[in-house]
Amino acid sequence: PIQLEISALLKKPEQLGEEGNVDEYMKIQNEIEALKQKKAQAQVQQIPDGAAGEVIQAHGPQSQQQKLKVCEICGCYLSIFDSDRRLADHFGGKLHMGYLAVREHLKGLKESLDKRRDERQRDRDRRRDRERTKREREKAYKDRDRERDSERTYKRILSSRDRSRSRSRDHDRRKSR
């Protein structure tokens, strides 16, 4: 409630300053200062006794809003001023241990999934290589067969010419006799 009063009064000096009403401006500024002091006294009265009070007094009233950090494993808020025993209780607690077990299990599952992916990829690569070499081999056989066929055809053509020439020569020789 005091903070609401302060924020409401903070709007008025701006308006008064624009209007040039200096006396009212000074009066409201004094009220704001008084409210801020009242708020500070109320906060001092709320400081507890014992170790927590000593921490607040040592680190100022801002530490009353506990400085917290987040546990990396379970996500719980931990005060940076907690005692070692309290931290040990947290780290040995069911919630923390449960999250720890879940994270370890998840890590194992990810590793096995990665292993399977790698194996599948290796198998795919092997199959592709086999198919590629098979295709290359087949192409080489076809090329070789094509070359042989073209050679045979060429030889046939040549031999058929020779035969036809030799026959015609033979035929001419026979006629001339």
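Reader: What share of the 177 residues in the protein chain is buried?

Author: Buried residues account for 11% of the 177. Buried here means under 20% relative accessible area, exposed means over 50%, and partly exposed lies in between (1.4 Å probe, protein chains only). Please keep in mind that this is a predicted model, in which local features need pLDDT of at least 70, side-chain atom pairs count only at pLDDT 80 or more, and totals for chains, interfaces and linings use all residues. Residues are numbered from 1 along each chain as its sequence is written, and side-chain values use heavy atoms, with hydrogens and water left out.

Reader: How should I read the confidence, and where in the protein chain is it lowest and highest?

Author: The score to look at is pLDDT, the predictor's confidence in each residue, from 0 to 100. For the protein chain the mean pLDDT is 79, and 75% of the residues reach 70 or more. Confidence is lowest in helix 3 (residues 51–59), with a mean of 55, and highest in helix 4 (residues 84–91), at 91.

Reader: How many helices and strands does the protein chain have?

Author: Helices (H or I, at least four residues) and strands (E, at least two) are DSSP runs, numbered from the N terminus. The protein chain has five helices and two strands, and their order from the N terminus is α-α-α-β-β-α-α.

Reader: Which residues make up the largest nonpolar core?

Author: The general idea first: in soluble globular proteins, nonpolar side chains tend to be buried together. A nonpolar core is a set of buried Ala, Val, Leu, Ile, Met, Phe, Trp, Tyr and Cys residues joined through side-chain atoms within 4.5 Å. In this structure the largest one has six residues: Ile6, Leu9, Leu16, Ile28, Ile32 and Leu35. Helix 1 (2–19) and helix 2 are the elements that give two or more residues to this core.

Reader: And what is Leu9 in contact with, leaving aside neighbours within four places in sequence?

Author: Contact means heavy atoms within 4.5 Å. By that rule, Leu9 meets Ile28, Glu31, Ile32 and Leu35. For the protein chain as a whole, take the contacts between residues at least 6 apart in sequence: 24% of them join residues at least 24 apart.

Reader: Are His90 and His96 buried or exposed?

Author: His90 is found in helix 4 and counts as buried because its relative accessibility is 16%. His96 is in helix 5 and is buried too, with a relative accessible area of 6%. Not counting residues up to four places away in sequence, His90 touches Cys71, Cys74, Cys76, Leu78 and His96. With the same exclusion, His96 touches Cys71, Ile73, Cys74, His90 and Phe91.

Reader: Now for charges: how many salt bridges does the structure hold?

Author: Side chains of opposite charge can pair when their charged atoms come close. A salt bridge is counted when a side-chain nitrogen of Lys or Arg lies within 4 Å of a carboxyl oxygen of Asp or Glu. The structure holds six. One of them joins Arg86 and Asp82 at 3.3 Å, N to O, and Arg86 is exposed at 54% relative accessibility.

Reader: Which residues pair up in helix 5 (residues 94–176), and what separates them?

Author: Among them are Asp125 and Arg128, whose side chains meet in a salt bridge of 3.4 Å, N to O. They are three residues apart, so about one helical turn separates them. Asp125 is partly exposed at 32%, and Arg128 is partly exposed at 44%. Asp143 and Arg146 also form a salt bridge, with the closest N and O atoms 3.1 Å apart. These two are likewise three residues apart in helix 5, about one helical turn. Asp143 is partly exposed at 29%, whereas Arg146 is exposed at 54%.

Reader: What about the surface: which residues make a nonpolar patch there?

Author: Accessible areas come from the Shrake-Rupley method with a 1.4 Å probe; for residues, only the protein chains shown count as cover. Patches are made of residues with over 30% relative accessible area and no salt bridge, with like charges joined within 9 Å and nonpolar side chains (Val, Leu, Ile, Met, Phe, Trp, Tyr) within 5 Å. Here Val22, Tyr25 and Met26 make a nonpolar patch of about 280 Å². Tyr25 lies in helix 2 (residues 22–45).
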